[in-house]
Amino acid sequence: MTLRLSRAFLPTLKETPAEAQIASHRLMLRAGLIRQTSAGIYAWLPAGLRVLRRVEQIVREEQDRAGAQEILMPTIQPAELWRESGRYDDYGKEMLRIRDRHEREMLFGPTNEEMVTDIFKQFAKSYRDLPRNLYHIQWKFRDEVRPRFGVMRGREFLMKDAYSFDLTKEGAQHSYRQMFLAYLRTFARMGLKAIPMRADTGPIGGNLSHEFIILAETGESQVFVSRDLLERDVLAEAPDYDSDLTAQVDFWTSHYAATEEMHDEAAWAALSEDKRVSARGIEVGHIFYFGTKYSAAMGMAVTGPDGQPVIPEMGSYGIGVSRLVGALIEANHDEAGIKWPDAVAPWAAAILNLRPGDGPTDALCETLYARLGSEGAVYDDRPVRAGEKFADADLMGFPWQAIIGPRGAAAGRVELKRRMTGEREEVSLEDAITRIKGG
C-alpha cells in the first residue's frame, strides 16, 4: 500500500462545520477522520480508523498483560437475559429495543454484564474454574436523547468491556486492583495523565467504582486533584499483577481526587494550597466492583472447596475506545489542529514536497518515503501551494513533518518539524529517518 496525498481518501475541510461545538469534534471533521451519518453515529475514514485501531491495540495489550482473556460477544442480545437480571425495564429509553421477524424481543447491547454472566455460568462449575477475567472490544449503542460533542457523546461507540469472576470478595477486589493498574498504564502509554476518582456506580450497580479522568481545558466537568497524583510516573512502575497490589493502588486512592459531584470542600481545604489543582476533566474509563448483583440474579453458582455452592463475585471494567480518540484530541491540540502523541498517531510523519516536479526534490522525497514505508509516513505530492501543505499537516497532526524543497534537496538535507513542540531543525536524510522511526 502506498499513501500519497494525491491519491489518498483524507477529505479535509477548510471551514468549521456549524454543528461542531468542541475542539475534538471540530478537528475530527476538519481533518477527515470521521463523517456523521445520522445523529450521534459516525463513519470512520482511513486516518480516523488508523488512530482508532492504534488506541484499541494499546487497550488490548494492557488487558492481556493483566491476565484478561479476549472474547467477542454479539451486538444484539435477547431481552430475556436482561429480564433475568431485572434491568430490562429499569434501563430506560437509552436502550434500543427491537423485535425480529418471529416477534422475539431483542436489544442492541449498551453493555454486557448479563450476556457474559450467561456465557460464563455454562462453563464454570467448580471453584477451580475461578478466577477468570473476560473482555471484548465491541460496538455499543445507547440512544442518547441529545447526542453531542461528536464521538465524545455519540449513540454508537466502540468500547472495551471486561468482566471478572472470583470465588471471594477478597479475590474480586484483587481483580479490581489489577484492572485499576492496567487502566493507569493504558492511558499513560497514550501520553495521557488519567487520574482515578471515586465515582457513583449508576445503573451498573455495586458499591465500589472509579472513573478515570484526564485533564483538558475543554473537559466536560470540573475536577479537583492533589498535585502528587499528577507527578506520579505510571510507566516507571511495572506492576506484578500476581502479587498483592494494595500498596500500589493505595497511593492513588489515598490522595485527593474528585469530580464536582463527589467534591468534599472540607477535605479539599485540608490540602496545602500548593497541592491543590482545580481543572477540567474528561472521563475515559470506569471500573466497578458489584459483588453478586448479576451472578445471583442469573442463577450462577459453583461448587466451593467444601462442596457447598458459592455465588461468584463480579466486577466490570469499561474503556470508551472511540471516545478516547476525541479525548486525545481535547488534550492535544492548538489553533492549527491536532497534535497526536506518537503512540496513537495514524502515521509518524508527513513528507512535504515543496516543489513537485523538481528532480532532486522529488528524488529525496521518494527516497525518504521508501525508507519510512507507507506505514510510517504519508507523502504530500500534491501540486498545491506550500502553505496549504503546511496547514493540512498541522491540521492532521502528524508527529513529524519532513519538509523538503530545492535548496535542502541539493544539499541532501531535510527540515524536520516536531508538531508537539513546534521545534524545527535541518538534518541529514539518515538522521531524519532515525528520529521519525524513534518517535
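Predicted model: local features only at pLDDT ≥ 70, side-chain atom pairs only at ≥ 80, totals over all residues.
Biologist: What makes up the secondary structure of the protein chain?

Modeller: The chain has 14 helices and 23 strands.

Biologist: How many of the residues are buried?

Modeller: Buried residues are 54% of the 439 in the chain. As for contacts with a separation of 6 or more, 71% come from residues 24 or more positions apart.

Biologist: What makes helix H10 largely enclosed by the rest of the structure?

Modeller: Ten of its eleven residues are buried, so the rest of the structure largely encloses H10. The buried ones are Val321, Ser322, Arg323, Leu324, Val325, Gly326, Ala327, Leu328, Ile329 and Glu330.

Biologist: How do you know that H2 is roughly perpendicular to H10?

Modeller: Helix H2 covers residues 46-65 and helix H10 covers residues 321-331. They pack at an angle of about 110 degrees, with their axes 9 Å apart. Angles of 65 to 115 degrees count as roughly perpendicular, so that is the term for H2 and H10. Their crossing is right-handed.

Biologist: Which residues meet where H2 and H10 pack?

Modeller: From H2 there are Val51, Leu52, Val55 and Glu56, and from H10 there are Val321, Ser322, Leu324, Val325 and Leu328. By class, this contact has seven nonpolar residues, one polar and one charged.

Biologist: Why is Glu56 called buried?

Modeller: Buried means under 20% relative accessible area. Glu56 has 9%, so it counts as buried. Glu56 lies in helix H2. Leaving out residues up to four places away in sequence, Glu56 touches Ile137, Leu158 and Val321.

Biologist: What makes H1 and H10 roughly perpendicular to each other?

Modeller: The axes of helix H1, residues 23-30, and H10 cross at roughly 105 degrees and come within 8 Å. That angle falls in the range of 65 to 115 degrees, and the two helices are therefore roughly perpendicular. In this contact, Ala23, Ser24, Leu27 and Met28 of H1 meet Val325, Gly326, Ile329 and Glu330 of H10. The residues of the contact of H1 with H10 are five nonpolar, two polar and one charged.

Biologist: Why is helix H4 described as largely enclosed?

Modeller: H4 runs over residues 113-121, and seven of its nine residues are buried, so the rest of the structure largely encloses it. Those buried residues are Glu113, Glu114, Met115, Val116, Thr117, Asp118 and Phe120.

Biologist: What is the phi of Glu103?

Modeller: Phi is near 65 degrees, a positive value in a residue that is not glycine. Phe149 also has a positive phi, of about 65 degrees, and is not a glycine.

Biologist: Is Glu103 buried or exposed, and how do you know?

Modeller: Exposed means over 50% relative accessible area. Glu103 has 52%, so it counts as exposed. Glu103 is in the loop between strand E5 (96-99) and strand E6 (105-108).

Biologist: Is Phe149 buried or exposed, and how do you know?

Modeller: The relative accessibility of Phe149 is 18%. The cut-off for buried is under 20%, so Phe149 counts as buried. Phe149 is in the loop between E7 and strand E8, residues 156-166.

Biologist: What makes Gly307 partly exposed?

Modeller: Partly exposed is the range between buried, under 20%, and exposed, over 50%. The relative accessible area of Gly307 is 47%, so Gly307 is partly exposed. Gly307 lies in the loop between strand E14 (302-303) and strand E15 (309-310).

Biologist: How far apart are Gly307 and Ile319 in space?

Modeller: They are 37 Å apart, C-alpha to C-alpha, and twelve residues apart in sequence.

How values were computed. Residues numbered from 1 in each chain as written. Heavy atoms only, no water. Buried < 20%, exposed > 50% of the residue type's maximum accessible area, 1.4 Å probe, protein only. Helix = DSSP H or I, 4+ residues; strand = E, 2+ residues; numbered from the N terminus. Axes fitted to C-alpha atoms, helices over the stretch in contact; angles between N-to-C directions. Parallel < 35°, antiparallel > 145°, perpendicular 65-115°, else oblique. Left-handed = near helix turned anticlockwise from the far one by under 90°. Contact = heavy atoms within 4.5 Å. Nonpolar A, V, L, I, M, F, W, Y, C, P; charged D, E, K, R; others polar.
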